[in-house]
Amino acid sequence: MTIRWLSSIDSTNSEALRHLEDYPSGTVLAAYEQTAGRGQRGNTWFTEPGKNLTFSIVLKFPEGCLPASGVHWLNYLISDAVASFLQEQGSVPQVKWPNDVYVGRKKICGVLIENILQGSSVAASVIGVGVNVNQIVFPQLANATSLALCTGKEMALEPALERLVALFEEHLPLLFDEKRRESLIESYSALLFQKGVRARYRDLLTGEEFSGVIEGVEADGRLRIREGKRLRYYRFKEVGYIL
């Protein structure tokens, strides 16, 4: 993969999508400053210039290689790679389903994956990642943390990104190997925030609140929560945490 550093940009995802034809698969766009970073559900991703990792990975796929129904595998891949990176730095990360990475009960990383479809297949994906590295004050984010706050050490951004991207590259072949790909379910499920712990959730389709235990994820990307003898299955934007 080829990393291209930008001094300042509105959003690395927006930049990648604007010039998608110009960027080969495997291009990583990283910015020292993002002025309009984007997160899930239209949220803004605030980051202090020069302190954190804000980058996007461009992937392009041959026709029929990745069905649209399989985009969750990309989420498993990047979540596992980020978690592996944070573990190497001495943190204990968990994934708040589907793709926020937490240390303790505070968010350290967010992921935004945007896909270009061609028929029933994914033609290209832009995987946007924001990892809080050296920032120690978060005036607009009460539940945020960073590697510096967790470990007491600062990191140089360039080698940190090189290592994280290398870990993602190590995981990437699993995407195209159906038998080995199943191992991602186990590794991703093991990282899940509040797994095995009874907690409160809200069914966003009905508004119902309930108490349940996260057990893992399915091969189709759904989250599995046990409520007594009943198993509940949810897709993205169908269930919310009550923290």
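A: Strand S6 and strand S7 (residues 100-103) run antiparallel and are joined by 4 bridges. Strands here are DSSP runs of E with at least two residues, helices are runs of H or I with at least four, and both are numbered from the N terminus. This is a predicted model, in which local features need pLDDT of at least 70 and side-chain atom pairs count only at pLDDT 80 or more, while totals for chains, interfaces and linings use all residues. Residues are numbered from 1 along each chain as its sequence is written, and side-chain values use heavy atoms, leaving out hydrogens and water.

Proline 93 has valine 103, in S7, as its bridge partner. Two strands pair if DSSP finds at least two bridges between them. S6 (93-96) is an edge strand, as is S1 (2-6), so each pairs on one side only. The open sheet has 7 strands in the order S1-S2-S5-S9-S8-S7-S6, with mixed pairing.

Helix H2 lies across S5 (53-60), S6, S7, S8 (106-118) and S9 (121-131), and runs at about 150° to S8. Angles run from 0 to 180 degrees between N-to-C directions, and axes are lines fitted to C-alpha atoms, for helices over the stretch in contact. Contact means heavy atoms within 4.5 Å.

The axes of H2 (residues 72-88) and H4 (residues 157-171) come within 9 Å and cross at roughly 135°. The two helices are therefore oblique to each other (under 35 degrees is roughly parallel, over 145 roughly antiparallel, 65 to 115 roughly perpendicular, the rest oblique). Residues in this contact include Leu77 and Phe85 of H2 and Leu164 and Phe168 of H4.
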